[in-house]
Structure formats: structure tokens, C-alpha cells
Amino acid sequence: MKCFLLPTQFAFLYSFVLSKPVQRATRNNAFDSEIAVYEGDILLRRGQRSAINCESCLWPKSQDGLVKVPVNISSDFSLAERSWIADALQEVSTLTCVKFVNRTTETDYVYVERGQSCWSYFGKIGGRQAVGLVKNGCMDKGAIQHEMNHALGFIHEQARSDRDKFVKIMWEHITAGEQGNFGKVNSKNLGLPYDYSSVMHYGAYDFSSTPGKPTIVPVPNPLVPIGQREGLSNLDVAKINKLYKCNCCSSVLPKTKGSFSSVNYPSPYPNNSNCLWLIRIRRNKIFLQFEDFDLQTSSDCSSDYVKVYSGNSKNSPVLLDKYCGQGPLPSIVASGPTMLVEFASDETVTATGFRASYSRVNCGGTFTDSSGVITSPSYPNKYPKNRACFWVISSPVGYKVSLKMLFFELEDNDRCIYDYLLIHDGSRPTSPAAGPYCGTNKVADFTSTANFVLVEFHSDAVWELPGFKLSYTFHR
């Protein structure tokens, strides 16, 4: 995704969220007398606090419109930890014009080191700029992004100037000497709403002196959750893009189900657009389906297209390569809890675009190989209770999909309403279906009328049985 400059006026913002107690920065050999610790994990150089709304703290923008931040991750981290850090930074790079790149010879760069606590300098300070991450406290995606957002020039969300309209600070519950972590800044807020879901917001019990007594209570609804660190919120993305004047069309969809559409849908979408939707749920897999689809047709879909990735970047495995024209589009199951949907248009004629919806499923997958095998969860062991699984088989246009059941044993019921299997002639749950099948009934061989098949399996909360195993092949 390429981002270009927006003619917006500079304004400063910040934000954060933790579900565990804050890992405070501690003064050690890495911090000299010129450094002050601010709000638990922000390091400020002498004189910087009075200039906390500074424009000079921002990382510079290149001529190509991208903000390239060189990063070097310490070898003190394990390979798994380095992968977690890289994944957290990749999400920022995917959705904004801030691109974290591997440092080569750059003088100004971020050095991610294993610290005794979690901390970061505020904004760009020049030279080798350290960010500290502790193993037990800062290895979640949102916590890593929290500290890196400090380095980009963001402080905590509950410190913004209008916070008292949205949260109440329970001063009586704050540990003695920690009240300074709950101050406010005379901030410009980028014209964006307060964000309870920001990775830059404190958790409800941070710095609490008494277990079970919150230090921050949302108002007017005290039940609003704060302190998530699953990853950037949609407003976190908007704040980065606005602070750094990026022209990026990108959104985060964090709920377990939802819908989205191309810009202006059902009216024609604009020319020269490039939009991204990152679907991110907490666990399991994502089932995506397109209700409407109408894009300009071109050779190899080189002009306008939709492309879907199983992961949080364009480097992730491709689930659906460039697709254009008019539907139907196959439904898709991601291999994990993240899916990236890309939409692009060129400068020529446009169409009405698309509308899509997604939901969380326990298991399943998308199959595009010419042959393969699909089994119930845990097969040949007994399948778990309370499962909803969707497997989409997608063959090339002009090919059909044939299925053959190799083994089948589910809970028996006259109407097959408890544990059951459906085989859809198409990729949607509303496509015509054979079944439901249950018990030990013979499942007839099946051949699709087109190039998509959806295999759907459900189990309830009672019995667990061996399940099923089926094979598929493509043929003309």
C-alpha cells in the first residue's frame, strides 16, 4: 500500500491500553541524569516535557511519501520473540505510511533491546534510540506496538486533554507515589474521538493499590472494556495516518463478526483507490463471504481487483488471488485469526464495488490444490464438542469438484439436528446442499455443478464420535 501526503495541519495525539499491570521503566545504567521517566514507561530528555507537542519529534517522510523507521532487534531475543516483534511492527507497516524497515547503515534508528521493564523514548531523538521490552509483560502484539507508538510520538490515551469526559480517574485507588502516571497533557487530539480500545490506553487496574479496585473507570458506562493489547485499534491506525499525514485507506475489523464494503457502495467506487481491511479476531479462524461483487473487468484483473491474504500483510499466503468482474466470488476460510482484504482500482471506468461479511469459525480451511483430504477435527480421534467448521474447495474455472467419503460416523438422529455434515454445491452456506448427514449413513459421492464446494460440519455439546474423512479431486 502506497501512501501520499495529505494537506492536513499537524496536530499531536497519543494513546495506550494494558490488561496487566504496567511494567514501569526503571532508572539504570541505560538512563543518565539527563533522562526523566514520565507516566511509567516514557523516557524524556531534559527540556522535552515542556515541548511534548513537538513537531520535530516526528520521523521524516521520504520523497515517496513513506515514513521509513529503521529498526534493529537485539539478538538477545529468541527467534520466536524476534518473530513476535516483527509481526507487531508489520501490522503498523501494512496499515499506515509508517514503514518499519531493517536498519543497515542509518544513523538514526530504533534499537529494540531486552529490558528490565517496558519503556520507550518519546518521538524521534536521533542516533541509536532504544526501546525496552521485557519478556513477561511486553511480548504481546499490542504491548510491542504500544512502546513503538511512543517512539512515533504518541503518549497515553487517557492523558489527552479531554479525557475527563470519557473516564474517571479513581485517585483514592492509586498506589502512593504513582499519581503522576495519571496526568493530562494540553494536547491537540487530531480531531478524532476518544478511543477506549486503543493500544495506548491504560488498563482499568494499572497502578491500583488494592486488588479489585480500578484506577480508571469509563463514563458513562463503566463496563466499557479498556486495556486491550490484541493489536492496533481502528482509531490507532487513523491517528498514525493523520499525525504523519498519510493518505491511506485502511481499517481494522476486530469483532468476531461484521461486514464491510468498497468506498461509496452501492454507488460506483472512486478511481485510483487502494484500500485494506485487516480482520483480526482473538482466536480460531475467519470465514469470509461476498454478498455482492461488481468490479471492472480486465485481463488478469490488472486494473481493478480484490485480493485476500491469510495473515496481516501482503507477504502472507494468498487465499484469493486478484479477482474482478462480476460474482460469484468463493467464500474463504483463513488459516488463523487474521485476514487481509485488499481492493484496488485504476484511473479508468469504475463499477459498484462489493459488499462482504465475515464471522468466526472453530475450524476449516481453503483448498485450491487439485486433490486432497478433509477430516473432522482431531480425526482419527473423536471430534470435540461445540464445533462449527467450514472447508471451501475452489477449483479453476471450467473444472468441477468431486467428493468421496472414506469414513463417516457422527452422532445419530432421525433429523440430523445435533451433529451433522452438509455438502454445498457452491461456496456459501446458502448454496444448495446435500444432506444433512449423521450417524453412519452412507454419504453418496458428490460432484459440483461449478467450481466451488463448501463442506460444513457442526457438533453440539453432548456426544463425541470418530467423525469423517473424505477426499476430493478436480476434473473437467
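Glu-147 is buried in this predicted model, because its relative accessibility is 3% and buried means under 20%. The prediction itself is the basis for every value here. Glu-147 also carries a label from a record. UniProt, in an unreviewed entry, places the feature "active site" at Glu-147. Such annotations may be inferred rather than shown by experiment.

Where does Glu-147 lie? It lies in helix H2. Now look at what surrounds Glu-147. Leaving aside residues up to four places away in sequence, Glu-147 touches Asp-41, Cys-118, Trp-119, Ser-120, Val-131, Gly-132 and Leu-133. Keep Val-131 in mind, for it returns below with its strand.

That strand is S7, which covers residues 128–133. Strand S7 pairs with strand S5 in the parallel sense, over 6 bridges. Within this pairing, Val-112 stands opposite Val-131 in S7. Strand S5 runs through residues 109–114, and it is mostly covered: 5 of its 6 residues are buried. Strand S5 has another pairing, with strand S3 (residues 67–73). Here the sense is parallel too, and there are 3 bridges. Asn-72 stands opposite Tyr-111 in S5.

Go back to helix H2, which spans residues 141–152. Two packed helices are described by the angle between their axes and the distance between the axes. For helices H1 and H2, the axes come within 9 Å and cross at roughly 65°. The crossing is right-handed. Which residues of H2 meet H1? They are Lys-141, Ile-144, Gln-145 and Met-148. From H1 come Trp-84, Ile-85, Asp-87, Ala-88, Leu-89, Glu-91 and Val-92. By class, this contact has 7 nonpolar, 1 polar and 3 charged residues.

Strand S12 covers residues 274–280 and strand S17 covers residues 338–344. They pair in the antiparallel sense over 7 bridges. Ile-279 has Met-339 in S17 as its bridge partner. In a regular strand the side chains alternate between the two faces of the sheet.

Another open sheet has 5 strands, in the order S19-S21-S26-S23-S24. Its pairing is mixed. Which strands form its edges? Strand S19 (363–367) and strand S24 (433–437) do, each pairing on one side only. The twist here averages 10° from one strand to the next.

Strand S23 (residues 420–424) is joined to S24 by 3 bridges, and the two run antiparallel. The bridge partner of Leu-421 in S24 is Tyr-437.

Conventions
Residues are numbered from 1 along each chain as its sequence is written. This is a predicted model: local features need pLDDT of at least 70, side-chain atom pairs count only at pLDDT 80 or more; totals for chains, interfaces and linings use all residues. Side-chain values use heavy atoms; hydrogens and water are left out. Two strands pair if DSSP finds at least two bridges between them. Helices (H or I, at least four residues) and strands (E, at least two) are DSSP runs, numbered from the N terminus. Axes are lines fitted to C-alpha atoms, for helices over the stretch in contact, and angles run from 0 to 180 degrees between N-to-C directions. A crossing is left-handed if the near helix is turned anticlockwise from the far one by less than a right angle, and right-handed if clockwise. Contact means heavy atoms within 4.5 Å. Ala, Val, Leu, Ile, Met, Phe, Trp, Tyr, Cys and Pro count as nonpolar, Asp, Glu, Lys and Arg as charged, and the others, Gly among them, as polar. Buried means under 20% relative accessible area, exposed over 50%, partly exposed in between (1.4 Å probe, protein chains only).
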